[in-house]
Amino acid sequence: MGIRYVEGKKIFHMDTEHTTYLIGLSPEGYVGHIYYGRKLGSEGNNYLLRMEEAPYTPSVREREKASFMDFFPMECPAGGIGDYRESCLDVRGGSGSIGCELLFKEYRITKGKPVLPGLPASFGTEDEAETLELVCEDRLLGIEVILAYSVFWKCDMITRNIRVDNRGEEHLKLEKVYSACLDMDNRDFEMVTLVGSWARERHIQRGALRFGRQMVSSVKGESSHQEHPFLALVTPETTQETGEVYAMNFVYSGNFMAQAELTQFRQVRMTMGIHPDHFCWNLRPGESFQAPEAVLTYSAEGLGLMTRNFHDFYREHLIRSPYKYRKRPVLINNWEATYFDFDSEKLLAIAREAKKAGIEMLVMDDGWFGKRNLDDCSLGDWTVNEEKITSGLPDLVEKVNEIGLQFGIWFEPEMISPDSDLYRAHPDWAIRIAGRTPSQSRAQYVLDLSRKEVVDYAYGCVADILHSAPIAYVKWDMNRQLCDIGSACLDRESQGELMHRYVLGVYEMQERLVTEFPELLLENCSGGGARFDPGMLYYSPQIWCSDDVDAMERLRIQEGTALIYPLSTMGAHVGDCPNHIVGRNTPFDTRAHVAMAGTFGYELDITKIAEEERAKIPAQVEEYHRYQPLMQRGDYYRLASWSDRKPYDCWEVAAKDSSEALVTFVQVLAEPNMHSRAVFLRGLQEDAEYALEGTEEVYGGDELMRCGYLVPSEPGDFVSRLYHFVRVGQV
C-alpha cells in the first residue's frame with residue numbers, strides 16, 4: 001500500500017496514486033516535513049530539512065538551538081521552546097508555564113482507518129487506506145502526542161489528526177491543539193479561501209500571500225457564514241486545469257483556525273485546527289484529548305483536480321447516509337410560502353397541488369410547535385400546536401401520505417427561547433455567564449449541550465416526534481451563533497472546554513438520530529449555510545446551502561461550495577419571484593436549472609404561482625430525476641465563472657466512464673452585438689462521438705474539448721440552457 005519506513009535514512013514515505021508525502025527525523029528526534037507533491041519514484045532524502053546548514057541541529061551546535069527551532073520544518077510544532085512561528089500545540093504544565101518539546105519515540109503502521117471516538121471522521125477499509133502513527137513524547141510533561149496520518153490511495157488524500165495522552169502525574173492544560181501543519185518553501189503562493197455572510201456564503205477569495213500571518217477563522221461556535229474551514233495555497237499560474245494546489249479542509253463544525261504564515265526565511269507554514277480563543281482543555285493524569293481530523297490533498301493539475309479529489313473522497317469515505325447514491329425525493333418546503341402563517345388546511349392545499357405537479361415530499365418548516373406564531377417564543381417546547389395542526393401531527397402526516405407525498409419536518413433542537421416553558425423551568429440550561437444578562441439573537445439563547453441532561457432532553461424531543469408519525473425527513477436548523485460563553489455545570493477550571501463540548505454534544509445527538517432512525521433523510525442547516533462543513537456531512541448527506549435561493553446569488557454560493565463539496569450535498573430549491581431577499585425576478589426555467597446543481601426542491605406557494613410556472617414543474621421534476629445519478633456520481637468541471645467577471649456562468653458534470661456529460665450554461669447578462677460563445681468541455685473520451693440530445697448534432701469528444709461547443713447568443717438577462725451530450729460510438 002502507501003506507507004513505509006526507510007530505516008537507514010529515518011524517513012517515512014507515504015504514497016497515494018499520484019502524490020508522495022515524506023517525513024524525516026533529526027538526530028535528536030524532531031519530526032520534520034520533507035516533501036509533499038507529485039509522486040516520487042525514489043525513496044527520498046532528508047536534505048530538504050537543511051540540517052547541514054547553519055544554525056545546524058542542537059546535537060551539532062547546542063548554542064543555537066533556539067535559532068534551529070525557529071527554522072526547522074516541523075510536522076507538529078509546539079510552543080514555548082524557540083519556534084516563534086504559529087505553534088500547533090501549547091501545553092501549560094503544573095508549574096503554570098507553557099513549553100513543550102516533542103521528540104520521536106516510536107511508530108505504528110496499520111491497515112485501514114481508525115475511528116475517532118465522539119468525532120466525525122473519514123473511514124476506509126484495509127484495501128482503501130493505511131495509517132501511520134508517529135508517537136512523540138515530552139518526558140518532562142509526561143505526555144505522548146500521537147500524530148496520525150491516513151493515506152487514501154485512490155483519492156489522493158491524506159488525513160491528519162493529533163491525540164494527546166497525559167501519562168504523567170501533573171494536571172496539564174491544553175491551550176492550543178491544531179490538527180495539521182505543513183511547512184514548505186514559498187513559491188510565490190497565492191491563498192484561496194471561502195468568505196461571505198448570511199445569504200452570500202462561500203464566495204471564492206484569492207490573493208497573494210504576504211509576510212506575516214493570514215487566516216480565516218470562526219469563534220462563533222460554528223464554522224460560520226462568514227469564513228470557512230478551508231484553505232488552499234496555489235502557485236501563481238494556477239487555473240482550473242494548471243498549476244499546483246495544496247489544500248486543507250477541517251472535519252469539524254465549531255470554532256476553527258485555518259492559517260498561512262510567510263516567515264522571515266520565506267518559508268510557509270500552513271496550519272489548521274480548533275481556534276485557540278475560548279479553548280482550554282484540562283488534561284488530568286490518565287486522560288486523553290482527541291483533536292478533529294484535517295483532510296489534505298495536493299493537485300498538480302489545478303483547482304479542478306483538487307475539487308474532484310475532495311468530491312470523490314467525501315462521497316466514498318465520509319458520507320455514510322443510505323441516501324448518498326439513492327434517489328432523493330423532490331420536496332416542497334412551506335417556509336417562504338407561508339412563513340408562520342399556516343395551518344393544517346393550508347399545508348394540505350399545498351400538498352394536493354404539489355402532488356399534481358409530481359413533487360414527492362411536503363416539509364413543514366418553523367411554526368408548528370408551542371405558541372410559535374413568530375420567531376420570539378417556544379423553542380424548547382417541542383409539542384404540537386393544535387390550534388394550527390388541528391387534528392394532531394399523526395393525522396396530518398397520514399393525510400399527506402394519503403395524498404401521495406412523504407412528510408418532513410423542521411427542528412431547531414439546540415436552541416431555547418426566553419419565552420418558553422423550558423426556559424422558565426430551567427434557565428440554567430442556557431449558555432450564559434453567571435451574573436450577566438445573556439445576549440439574544442433572533443430572540444433566542446443556545447442550550448448548554450455540554451450537559452448530558454440537556455442533550456438527552458433535546459434529543460428526546462426530536463425522537464418522540466419522529467416516533468409519533470411516519471416522518472421521512474428532518475431539517476435540523478441552528479439560527480444563531482454562540483456568545484456569553486459560560487456553563488452553570490462546569491467549574492471555573494473547565495469553562496474553556498465549553499465550546500468544544502458543545503460541538504461534541506451536537507455530534508452525539510446526530511449520531512443517536514441516524515442510529516435510531518437509519519432510513520431518515522437528514523438535512524442540516526444553520527440559518528442557511530453557517531454550518532456547511534465536513535463534520536455535518538458525516539451525519540447528513542445534504543446541507544441547506546443558503547437561505548438565499550435567488551438563482552443569480554446561488555451561482556456564486558454554489559460555485560464556492562462545489563469547490564470542495566459534491567453537488568449532491570448542496571440543498572438547493574426553486575424560489576418564488578420577486579426573490580424574498582434581493583427582490584430580483586429570474587425566469588422559472590433558470591431557477592430550476594441552478595437548483596438542479598444541488599438536491600433540488602421548491603420553496604414557494606404552489607397554490608399561488610402563475611399557471612404557466614406550475615405547468616413546468618412536472619417536466620422539471622422528471623428532468624432532475626433523470627440527471628440525478630449523474631450529478632451524484634459524476635466528475636464536476638467548472639468551465640466558466642460569473643464571479644470571474646464573465647457575463648455568463650457554466651459548469652459540467654461528466655460520467656466517470658465518459659459516457660455522458662451535462663452542461664449548464666447561464667447567461668447572466670446579455671451583451672449587444674455578440675456572437676456565440678465557445679465552451680470547452682472536459683472529461684470526455686477523445687476518440688468517441690457524442691450526440692447532443694434533442695438535436696441531430698454529433699461531435700467528436702476531442703472536438704468538444706479542444707474546439708469547444710458554441711452556445712448561441714440570445715436576448716435577455718438570466719436565461720439558461722442545459723446541454724446533454726451522450727456517447728454514441730467510436731470515431
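1. Basis. The model is predicted, local features need pLDDT of at least 70, side-chain atom pairs count only at pLDDT 80 or more, and totals for chains, interfaces and linings use all residues. Residues are numbered from 1 along each chain as its sequence is written, and side-chain values use heavy atoms, with hydrogens and water left out.

2. Helices α7 and α8. Helix α7 (residues 452-468) packs on helix α8 (residues 498-516) at an angle of about 25 degrees, and their axes are 10 Å apart. Helices here are DSSP runs (H or I, at least four residues) and strands likewise (E, at least two), numbered from the N terminus. Axes are lines fitted to C-alpha atoms, for helices over the stretch in contact, with angles from 0 to 180 degrees between N-to-C directions. The two helices, α7 and α8, are therefore roughly parallel to each other (angles under 35 degrees; over 145 is roughly antiparallel, 65 to 115 roughly perpendicular, the rest oblique). The crossing of α7 past α8 is right-handed (the near helix is turned clockwise from the far one by less than a right angle; anticlockwise is left-handed). On the α7 side the contact includes Val455, Tyr459 and Leu466, and on the α8 side Met509, Arg512 and Leu513 are among the residues met; contact means heavy atoms within 4.5 Å. The residues of this contact are eight nonpolar, two polar and four charged. Ala, Val, Leu, Ile, Met, Phe, Trp, Tyr, Cys and Pro count as nonpolar, Asp, Glu, Lys and Arg as charged, and the others, Gly among them, as polar.

3. Helices α4 and α5. The axes of α4 (residues 344-356) and α5 (residues 393-403) come within 9 Å and cross at roughly 20 degrees. α4 and α5 are therefore roughly parallel to each other, and their crossing is right-handed. Leu347, Leu348 and Ala351 are among the α4 residues that meet α5, where Leu396 and Val400 are included. By class, the contact of α4 with α5 has six nonpolar, one polar and three charged residues.

4. Helices α10 and α11. Helix α10 (residues 551-562) packs on α11 at about 15 degrees, with the axes 10 Å apart. α10 passes α11 in a left-handed crossing. Ala551, Met552, Arg554, Leu555 and Gln558 of α10 make the contact with Thr590, Arg591 and Val594 of α11.

5. Cavities. The whole structure holds nine cavities of 30 Å³ or more. A cavity is a set of points, on a 1 Å grid over the protein atoms alone, where a 1.4 Å probe fits but cannot get out; a pocket is an open set with protein on both sides within 12 Å along at least five of seven lines, and lining residues have an atom within 4 Å of a point. The largest cavity has about 110 Å³ of space. It is lined by 13 residues, with Met74, Cys76, Pro77, Ala78 and Leu102 closest to its centre. That lining has twelve nonpolar, no polar and one charged residues.

6. Second largest pocket. Its volume is about 440 Å³ (the space filled by probe spheres set on grid points, which are joined across faces, edges and corners). Of its 27 lining residues, Trp198, Trp335, Asn479, Gly527 and Asp547 lie nearest the centre.

7. Backbone. A cis peptide bond joins Ala54 and Pro55, with omega about 15 degrees. Another cis bond joins Cys577 and Pro578, with omega about 0 degrees.
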